[in-house]
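Please prepare a briefing on the structure shown below, covering helix packing, the sheet, individual helices and selected loop residues.

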Amino acid sequence: MRMVDIIAKKRDGKELSTEEIQFLVDGYTNGSIPDYQMSAWAMAVLFRGMTPRETGDLTMAMARSGEQLDLTSIPGVKVDKHSTGGVGDKTTLVVAPLVAAAGIPVAKMSGRGLGHSGGTIDKLESFAGFQVERTREQFFQQVRDIGVAVIGQSGNLTPADKKLYALRDVTATVEAVPLIASSIMSKKIAAGADAILLDVKVGKGAFMKTLEEAETLARAMVDIGSQVGRKTVAVISDMNQPLGFAVGNALEVKEAIATLAGNGPKDLTELALAIGARMLVLGGLASSVDEGRGRLEEIIASGKAVDKLAQMVEAQGGNKRDVYEPDRLPQAGLTAQVTAQQDGYLAGIDAETVGHASVVLGAGRLTKEMPIDLAVGIALHKKRGDRVRAGEPLATLHANDERLLQDALKDVAEAFAYSSEQPPEQPLIYKIVE
């Protein structure tokens with residue numbers, strides 16, 4: 001086989017064989033296929049697409065390019081959850097302990113965030129002493145013991161995807177849906193999941209800006225799941241405004257704890273229940289979404305959801321007191337408010353603008369090497385559709401640097417749009433793809 005022939009075949013819109021896809025993944029991983037040829041192939045995929053079978057083959061070839069976790073020593077159906085990311089998206093911090101308390105084993109590997117705020121791993125480090133690096137046996141044993149562990153991604157998981165992802169970033173091929181779908185799904189499959197729940201974000205604060213784009217991606221990932229024998233469901237959810245009220249690591253952890261205790265924001269609570277209930281169905285612990293939701297609501301009301309998070313924090317080196325007394329979490333030294341400029345209703349809160357302001361404050365990173373300030377961020381006080389009066393606080397910014405605070409204040413002030421009439425309600429969940 002020659003890579004030039006594979007590039008030409010895809011350029012001409014033809015379907016690649018399983019062997020050809022394995023050849024290009026193996027060659028790119030071991031360095032025998034150079035970046036310039038892989039770039040040409042990725043551009044051909046961007047224009048010509050891939051069939052579901054091709055995308056499934058690419059996913060499995062990338063999953064096999066490095067180590068794969070075997071979770072069979074952990075009893076039960078292992079259901080993994082993935083979000084395509086958004087502003088204020090702390091759903092995993094709620095869903096992981098919640099479904100674990102219901103009996104679904106959660107053995108989750110998460111990454112650090114680039115962009116709006118930290119990833120799940122960064123947020124968990126708001127708990128002093130929390131260890132995100134665990135040996136494989138420690139990881140498995142913790143899930144066997146308490147039903148949940150969330151750790152950093154292994155260094156040798158899907159090396160082919162790591163190389164291809166970096167290449168796509170600098171060759172204008174990030175938007176190729178088969179490559180996005182196979183990138184996400186290869187990591188989930190290599191991490192050992194039996195079933196996968198995907199939260200595909202859509203809107204201003206998401207990578208997918210339109211419902212059509214989000215649905216195309218969701219369908220591609222669900223098709224991959226079917227191709228490779230993993231039960232997969234995708235929830236398409238709104239990211240035009242931040243999820244919940246908190247944006248920023250420790251602030252989001254506090255909000256997740258409140259949600260687990262039954263006192264969280266309406267949208268975050270609803271999304272966590274919608275995702276968690278479907279995870280219970282995928283794991284065989286509920287026969288319907290309604291039954292799963294009812295069980296999760298009972299677990300929240302009983303206090304077991306908060307207790308499960310405390311167990312996980314303690315098992316990974318943190319102090320469970322931080323869960324029961326969240327004011328012990330990192331706090332910023334400076335605060336300032338953005339107030340309403342007029343009477344009326346909030347017509348919108350631009351999630352992308354709020355996300356940018358959180359990065360300005362230091363809550364997110366633009367490069368992998370950038371440090372994160374766990375204490376800083378933005379706490380919203382109003383959401384789209386709420387009535388406001390001129391001078392009323394809309395958001396409080398938490399900062400540790402006066403200059404950065406002033407820059408972020410300008411951004412956040414521009415994120416709010418006003419209307420004299422209450423805007424129509426916007427869905428939180430647009431569609432379920434399965």
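Helix α5 (residues 91–102) and helix α13 (residues 289–302) have axes that come within 10 Å of each other and cross at roughly 100 degrees, where axes are lines fitted to C-alpha atoms, for helices over the stretch in contact, and angles run from 0 to 180 degrees between N-to-C directions. The model is a predicted one, in which local features need pLDDT of at least 70 and side-chain atom pairs count only at pLDDT 80 or more, whereas totals for chains, interfaces and linings use all residues. Residues are numbered from 1 along each chain as its sequence is written, and side-chain values use heavy atoms, with hydrogens and water left out. Helices (H or I, at least four residues) and strands (E, at least two) are DSSP runs, numbered from the N terminus.

**Helices α5 and α13**

- At the crossing, Leu98, Val99, Ala101 and Ala102 of α5 meet Arg295, Leu296, Ile299 and Ile300 of α13, contact being defined as heavy atoms within 4.5 Å.
- Thr92 also belongs to helix α5, and at 9% relative accessibility Thr92 counts as buried, the classes being buried under 20% relative accessible area, exposed over 50% and partly exposed in between (1.4 Å probe, protein chains only).
- When residues up to four places away in sequence are not counted, Thr92 touches Lys81, Pro97, Lys108 and Thr120.

**The four-stranded sheet**

- Four strands form an open sheet in the order β1-β4-β5-β13, with mixed pairing, two strands being taken to pair if DSSP finds at least two bridges between them.
- The edges of this sheet are β1 (79–83) and β13 (429–433), each of which pairs on one side only, and the twist averages 15 degrees from one strand to the next.
- Strand β4 (residues 195–202) pairs with β1 in the parallel sense over five bridges, and His82 stands opposite Leu198 in β4.
- Helix α9 packs on the sheet and touches β1, β4 and β5 (231–238), its direction making about 150 degrees with that of β4.
- Helix α12 (residues 266–282) likewise packs on the sheet, where it touches β1, β4, β5 and β13, and its direction makes about 155 degrees with that of β4.

**Helix α10**

- Helix α10 (residues 211–227) has 17 residues and reaches 24 Å from its first C-alpha to its last, close to the 24 Å expected at 1.5 Å a residue, the expected span being 1.5 Å times one less than the number of residues.
- Ala214, Leu217, Ala218, Ala220, Met221, Val222, Ile224 and Gly225 are buried in α10, and the buried residues of this helix pack against α4 (52–63), α9, β4, β5 and β13.
- Gly229 follows α10 and has a positive phi, near 80 degrees.

**Helix α17**

- The 14 residues of helix α17 (residues 402–415) should span 20 Å at 1.5 Å a residue, and the end C-alpha atoms of α17 are 20 Å apart, which agrees.
- Asp401 caps the N-terminal end of α17, with a side-chain oxygen 2.9 Å from the backbone nitrogen of Arg403.
- Buried in α17 are Leu405, Ala408, Leu409, Asp411, Val412 and Ala415, and the buried residues of this helix pack against β7 (334–339), β8 (344–349), α16 (351–361), β9 (377–380), β11 (393–399) and β12 (416–419).

**Loop residues and positive phi**

- Most residues other than glycine have a negative phi.
- Thr158, in the loop between β3 (148–152) and α8, has a positive phi near 45 degrees and is buried, with a relative accessible area of 0%.
- Ala172, in the loop between α8 and α9, has a positive phi near 60 degrees, and at 52% relative accessibility Ala172 counts as exposed.
- Thr173 lies in the loop between α8 (159–169) and α9 (177–190) and is buried, with a relative accessible area of 0%.
- The side chains of Thr173 and Thr171 are joined by a polar contact of 3.0 Å, a polar contact being a pair of N or O atoms within 3.5 Å, of which, within protein, one must be able to donate a hydrogen and the other to accept it, and residues adjacent in sequence count only if both atoms are side-chain atoms.
- Leaving aside neighbours within four places in sequence, Thr173 is in contact with Ala42, Met43, Arg168 and Leu179, and the C-alpha atoms of Thr173 and Ala44, 129 residues apart along the chain, are separated by 9.4 Å.
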